[in-house]
Amino acid sequence: MISDFVKRATLFAGLTDEERAVIVRHMRLQHFVAHELIYSEDDASTAFYLIEHGGVRLSVGPVVLATLGAGATFGESGVFLGRRRAVSAEATTDTDAWALTSADLEQIIQDHPAIGLKLSRNFGSRIIQLEKHLIQNRLRPAEAFQALTDEELQELAAHLELQDFEAGQVIFQAGDANDGFFILEHGEVQVRSKEADRTLKAGDVLGLAATLAHRPYDTTALAQTDATLWKLNRAAFETMAADHPEFIPHLSAGLRTPLPVSDEELAVERLRALPLFAGLDDDTLRAVTQRLVVRPVAADDIIYKEGDVGDALYLVDKGRVEIVGSVSRKGQVLARISAGGFFGEMALLTGKPRSTGARAAENTVLWALYRSDFEALVNAYPAIGVALNRVLKDRLGTAGHAFVEKHLRLISLFSGLSVEQLEDVAERLLPARYRAGDIIYKAGAPANRLHIIEKGVVELRGPEGTLILRDGDFFGEAAILSGEPHLETAFAKTDGEFWELTREEMEALILKYPIVGLNMSRELSRKLHRLAQQKAAGVQPAPVPAPAPVAAPTRAMEPAAPAPVPTLQPQRQPAKPGMFDSLAMWFGGLSRGAKWRLALLILLIVWLLGIAIPATVVTALNNTSQTPVTENDAPRVAVAEEDVMQPVAMALAKREATHTPLPTATYTPLPTDTPIPTDTPTVTPTPTHTPTATPTHTPTATPTNTPVPPTPTPKPVVRAAAAAAPAQPTPTPKPAKQYTLVEVRRLSPCENRGKHNIYVKVVDANGNGVNGIWVIQAVAGNPGQVIAKKRTEQKDFWIMKPENGRVTFDMFKNAQYVVYISEDGVNPASTDITQALHSAFTDEANCPDGGGGNTLFHNSFSVIFRKNW
C-alpha cells in the first residue's frame, strides 16, 4: 500500500522501483487523532511525512496556509534545508502518515547518492543531506582539493550547484569565456584537446586550471552519456577567494597540469634565452619543457614564503611576480619578474628553505620545474647540472664584490679589511629588521650579539646619558666583551635594517683580523668621549622607560638580544693634593658600570699593544712578501659593480646556497632588468583621474561657521640689527575641512571583475594610509540614515594590494549610497561627502582575459579622502 503512495507522490518522481523500495524500508507509520498537533513553528525539523489517509492543516499563527489530504507530503522543506519548522502542522481528523527521519534520509543518500540527486531535482534545490556525500566521496578524494582545509571544503560544498547534461551536449568549448569549474557526479564526459582526448570518471575535475588562471577554457568538454556535474561558477569562486585568502593558493598547490604541446616551442625559445640554460642543445631543452608543469596563480596569491622548502624553479609565462623580503610581514619588494623571466633556481639547486618570498603581482601563469623532475633530468642530461653550477658560481662571485662595496665597506667596524676579508665577514653576518619604536634590548638583559646598523637610527638610553647612532655604527660590544648584562636600553627610532654577529663569531673575527678589535676600541673611546661631552654640557640623562616587550627581529631565526654601547661616564671627585690620592678617590667615586668599562678599556689597550698590533704587523709583512699587488687587482671591484647580471647581495645568494635566510639582501634574478624600489612609500596616481588641488582658504576670503580671530599686528622690536632681519613667512591657513574628497572613480572592467563594492582609502597629506578613521556608508539624499560604518585598517583586497587606511562597503542593486568621514562613528566630521554611488550601469564591458567585468548591478568605485589636519 505504502509503495503505491510513494510511487504517486511528486516528491519521489523519477525514482526507480529499487530506489523507492529503499525509501519504503526506512519509513515508519504514525497515527494522529483529530486536532492533534504534529509539530509547531520553530520546532527542530526531525522528519517529513507522507499522508496515507486523513488530513493535515498547515498554519502560521491563526492564518491557515493549506489543508492537505491523502498522498500529500509535508515537513520536507525544513528537513531538506536543515532549518527549523516555519509552520505548524495539525491533524484535522484521525490521520495516518508515514514518517522518514532526517537521520534515515542522510544514511539513504550516503548509500545511494542518486536518490539524493533526484530528490534535489524534485524539491527544486539541493538538499543538505547531499553535502556529506559531496565532501566525503567527491571533494576529499580529488587530488586537486588535497590542500584545502576542512572549512574550505565545507564552503566549497555549500557553493556548488547541480547541473544536468544530456548525451551529446557540450558543457564548454575551447575559447569560451571561463565561468567556473566542474566536478563529475555521474555519467561520462569526454575532454578534447589538441594533444589528446580523455574520458572522465565520477569525481574528476574539469576546467579548474583555466578558472585559476582567469583565462578562457583551452579544451572542449562533451557529455557522452546523460551526466550530472557539480559547478562552482565564477561569482561563487570569487566570493570564496575573498572570504578565504588561502583558498586559491591551496587549489593551485594541488594542480599540476602538463605544459601543452602547443607551448613547447615557445618554452624552448624562452629557455634558450636564459643564462641558466644557455648552450644546451635542442633535444635537452625539449626534455626540460616536457617536465614543465603549468601553475596558474591569481593576483596577490603567495607562490612561496620565506622558510618554505625550495622544491621548484619557476618561469613566468604570463603576468608578473614580486620577490619580497618577507611575505608574512609584507616586506620590501626586492625584484619584479615579468613574462619570460625566472626565479627560485637557487633553492632548487640546494633543496634548502627559501630565503625570500614570492607573490603574484597580477593574475599570472607559471611554468614550474619541480625538484624531482629536475633530478631526473640531471641524471639523464648531465649538461643541465653543469650549466646550473656554472651560473651559480658566476652569480656568487660577481655578487660578492658588489655586496662588499655597497654594504660592508661603509661600516666603521670593518675599516681596513680587504675585499676577500670582507667576504669572509659577510658569511658570518645575520640579518634583522626592527620597526620604529621597537626595543632591541633592555637594560639588564644578557648580551649575546653585536648589532650593526645597515640603515636606520638607534637611540641608546642609560642612567648617565643618551647616544644616537646611525648608518654604519654598531653597538652592544661592551656588554659582550665584559660578559655583563647590558647597562642601557636600545630603541629603534626609525624602521631599520641591521646585521648581527654572535658572540662566538665576533671573538673569532677579532682573533683572525686584529684590526677589527682596534676599530672596536676606537669606537668605544669615541662613545665615551661623546658621553663626557654631554655631561660637561649639562645634558641630563633621558629617563629610561618602563619595561616593555623586546621586539623580535623580523627574520626567520632566533630573536636577537645584543647590546648597545655603555653610556656611563666617570665622575671625578673634587681634586685634592696628591696625585695617587686623587686617582684613588676618583676611582672610588665611579659607578660600578664605569669601573667595569674603564677596566675593559685598559685590558683592551693592553691586548692591542701586546698582541693585536704586533700580530697585525707580522700578518702585513707576510702578506707583502707572499702576495704582491698586481695591476689586475684594481679593476676587479669595478667589474663587479658594473656586472651586467645585476649584482645580487652576496649574503642573500650565499645563504640561499647554504640556506641561511638573509631577507635584507637585494635579490634580482638573472634575466630581469628591474630597478629595486626604495623604501619610501609613494602614492601611485590613478591613470584615469587627476585630483584637483585643494584651494587654500584665507581667513577673509571664505566665510565659515567658525569665527577666525584677526591676525595680530606684531609690535616693533628695537634692535641694533633690526633693519637687516629677514621677513618672517606668513603661515598657510588651515584648510576649511578636515577631510577632503580627492577621488571618486568607477573601476575599469579588469579592475572590478564583476564585483559591486565601494573601496575607500583615507590618506594623510603625504599620501600615506591612515588607520583607525571611522568611514560611514549612508543612504544617498539622507546621510543621517547609516547603512554601515567601519574603521580604516590595513586590509587585503581581491583587487588591490594590502594597504593602510582601507575599508570596503557592499553595494546592492537599485540602491544609492554616499560615503563620508566621522570622528566618533556617529556624527559627521568636517568632511566632504561623495555624490550618489550606485551599481546600476548599462554600459556593460568584460575584461579581455575572461575574468568578468562591469555588468548591470556589478560595478565598483574607488574613493579617496585626504586628512588635512
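User: Four strands form an open sheet in this structure; what is their order, and how do they pair?

Analyst: In general, the strands of a sheet pair through backbone hydrogen bonds, either parallel or antiparallel. Here the order is β19-β24-β21-β22, and the pairing is antiparallel. The edge strands, each pairing on one side only, are β19 (302-304) and β22 (333-338). On average, neighbouring strands of this sheet are turned by 25° against each other, direction ignored. Helices (H or I, at least four residues) and strands (E, at least two) are DSSP runs, numbered from the N terminus, and two strands pair if DSSP finds at least two bridges between them. Axes are lines fitted to C-alpha atoms, for helices over the stretch in contact, with angles running from 0 to 180 degrees between N-to-C directions.

The model is a predicted one, in which local features need pLDDT of at least 70 and side-chain atom pairs count only at pLDDT 80 or more, whereas totals for chains, interfaces and linings use all residues. Residues are numbered from 1 along each chain as its sequence is written, and side-chain values use heavy atoms, with hydrogens and water left out.

User: Over how many bridges do β19 and β24 pair, and which residue of β24 is the bridge partner of I302?

Analyst: Strand β24 (residues 357-360) pairs with β19 over two bridges in the antiparallel sense. The partner of I302 is R359.

User: What is the strand order in the open sheet of five strands, and what kind of pairing does that sheet have?

Analyst: The order is β34-β43-β35-β39-β38, with mixed pairing. Its edges are β34 (739-746) and β38 (793-795), each of which pairs on one side only. A parallel pair is found between strand β35 (residues 757-763) and strand β43 (residues 861-867), which are joined by six bridges. Within β43, V863 stands opposite V760.

User: How many residues of helix α16 are buried, and which are they?

Analyst: An α-helix has 3.6 residues a turn, so residues three or four places apart point the same way. Helix α16 (residues 419-426) is mostly covered, with six of its eight residues buried: V419, L422, E423, D424, V425 and A426. For the chain, buried residues make up 47% of the 869 residues.

User: Where does L15 lie, and with which residues beyond its sequence neighbours is L15 in contact?

Analyst: L15 lies in the loop between α1 (2-8) and α2 (17-26), and its relative accessible area of 4% makes it buried. Contact means heavy atoms within 4.5 Å. Leaving aside neighbours within four places in sequence, L15 is in contact with R20, I23, I115 and K118. K118 is 103 residues from L15 in sequence, yet the C-alpha to C-alpha distance is 7.0 Å.

User: What is the volume of the second largest pocket, and which lining residues are closest to its centre?

Analyst: Rolling a probe the size of a water molecule over the atoms shows where empty space is left. On a 1 Å grid over the protein atoms alone, a pocket is an open set of points where a 1.4 Å probe fits, with protein on both sides within 12 Å along at least five of seven lines; lining residues have an atom within 4 Å of a point. Grid points are joined across faces, edges and corners, and a volume is the space filled by probe spheres set on the points. The second largest pocket has a volume of about 1100 Å³. Of its 41 lining residues, R198, A209, T219, T257 and P258 are the closest to the centre. Among the elements giving two or more residues to this lining are β13 (197-200), α8 (208-212) and β17 (257-258).

Terms used:
Buried means under 20% relative accessible area, exposed over 50%, partly exposed in between (1.4 Å probe, protein chains only).
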